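Biologist: Could you walk me through this model and tell me what lies behind the terms you use?

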Amino acid sequence: AAIRLFLEELASFDTNNFMGNVGVGEREGRVISALVRERHFGLTHGIGRSGDVMAEQPKAAGSSLIVQLTRYLALDAIRIAGIKAAKACCVLPAATGLTMTLVFLALRQLRPSGKYVVWSRIDQKSCFKAIGAASLQSIVVELRPVEGTDALGTDVEGIRAAIERVGAESVLCICTTTSTFAPRVPDSIDAVATLAKALDVPHVVNNAYGLQCSKCTHLIEQGCRVGRVDAFVQSTDKNFLVPVGGAIVAAPESRLVDRISEIYPGRASMSPLLDLFITLLSLGAAGWKGLLDERKANVAWFQERLAATAQREGLRLLHVPANRISLAVDLSSLAKPPEAAAGQEGGAGDPDHLTFLGSALFTRRVSGP
């Protein structure tokens with residue numbers, strides 16, 4: 001009730017909610033549906049101005065105040081999560097992939113000779129497409145096995161070789177990832193950051209759902225302290241449990257963050273920021289810390305029980321200790337033996353034999369795998 005009252009008071013600062021207001025412009029926060037108006041608390045002007053998505057909007061003082069408060073709350077949440085080196089951030093109404101594109105475009109203004117993104121491979125399309133959407137060329141660096149485990153990790157020397165092959169001046173940035181699917185582990189952000197600093201090449205981290213994981217935040221914190229991290233991007237929905245549609249760009253310095261805000265074309269939707277604002281106010285610092293602790297405990301609980309279940313069924317949980325978010329089970333023992341009739345339903349070579357497991361989980365209301 002207190003948050004709702006606060007939002008209604010802030011909305012009263014926007015001109016579209018003034019008593020007797022006569023809006024004669026093309027964009028005056030007009031809404032015909034009472035339900036839509038209620039859903040947005042009357043905050044219908046959007047955010048920013050044509051020159052900067054984070055800029056104050058004179059006709060929407062309440063909305064502008066929410067934008068700035070959300071930035072401060074988001075930055076505080078990032079620091080509480082473990083990245084004390086974060087000094088600036090902006091919250092954008094775009095999901096992680098599109099936000100990565102905006103980061104690359106902003107970097108290109110600061111580094112016009114850069115045309116390559118040296119990318120530590122991850123088998124997920126969004127970041128790869130983000131590079132292409134910015135009209136850049138990706139140089140994919142393959143992973144290497146991590147000794148003593150089932151994991152695949154960063155080939156730091158491979159990244160160095162890729163940069164030296166095309167010349168550091170033509171590399172826009174190195175792109176690494178923290179939150180990954182096992183057996184992939186988070187990239188060695190600290191080692192790559194040290195390399196980026198030595199070669200004077202920008203370094204962007206895709207921290208999509210890593211803000212909730214202390215392992216990932218520690219890596220970014222170390223990278224900022226020992227080397228070079230120009231920006232790191234995280235999703236609002238995956239980390240703060242809000243609807244899809246927002247992302248936070250944070251950095252140890254404000255220069256790149258400010259440039260990203262400036263290149264965003266036109267005004268933007270208020271909804272993703274408002275969702276995050278309400279959520280952070282609802283949680284408070286104690287609630288956010290509690291969520292982080294609960295997630296860490298849940299991972300340990302789930303890993304122990306999944307390993308026991310896998311062993312009981314003759315399967316094996318892969319040993320990927322550096323990944324504190326994702327778990328993977330080796331299903332090879334479920335495959336039919338070679339003597340099974342090849343080509344027959346359920347026989348060797350029939351992909352449905354293993355892919356059926358995913359559908360079986362889904363019909364039992366287990367989504368995500």
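Modeller: Strand 6 (residues 171-177) and strand 7 pair in the parallel sense over four bridges. Keep in mind that this is a predicted model, where local features need pLDDT of at least 70 and side-chain atom pairs count only at pLDDT 80 or more, while totals for chains, interfaces and linings use all residues. Residues are numbered from 1 along each chain as its sequence is written, and side-chain values use heavy atoms, with hydrogens and water left out.

Biologist: Why are strand 6 and strand 7 said to pair?

Modeller: Two strands pair if DSSP finds at least two bridges between them, and strand 6 and strand 7 have four bridges. Strands are DSSP runs (E, at least two residues) and helices are too (H or I, at least four), numbered from the N terminus. In strand 7, H203 is the bridge partner of I174.

Biologist: What makes strand 7 and strand 8 a pair?

Modeller: Three bridges in the parallel sense link strand 7 to strand 8 (residues 231-235). V205 stands opposite F232 in strand 8.

Biologist: Which way do the residues of strand 7 point, and are they buried or exposed?

Modeller: H203 and V205 point one way, V204 and N206 the other, and all are buried, meaning under 20% relative accessible area, with exposed over 50% and partly exposed in between (1.4 Å probe, protein chains only).

Biologist: Which residues touch the most other members of the largest nonpolar core?

Modeller: Of its 72 residues, they are F104, F232 and I260. Such a core is a set of buried Ala, Val, Leu, Ile, Met, Phe, Trp, Tyr and Cys residues joined through side-chain atoms within 4.5 Å. A second, separate core has 14 residues, including I139 and A196.
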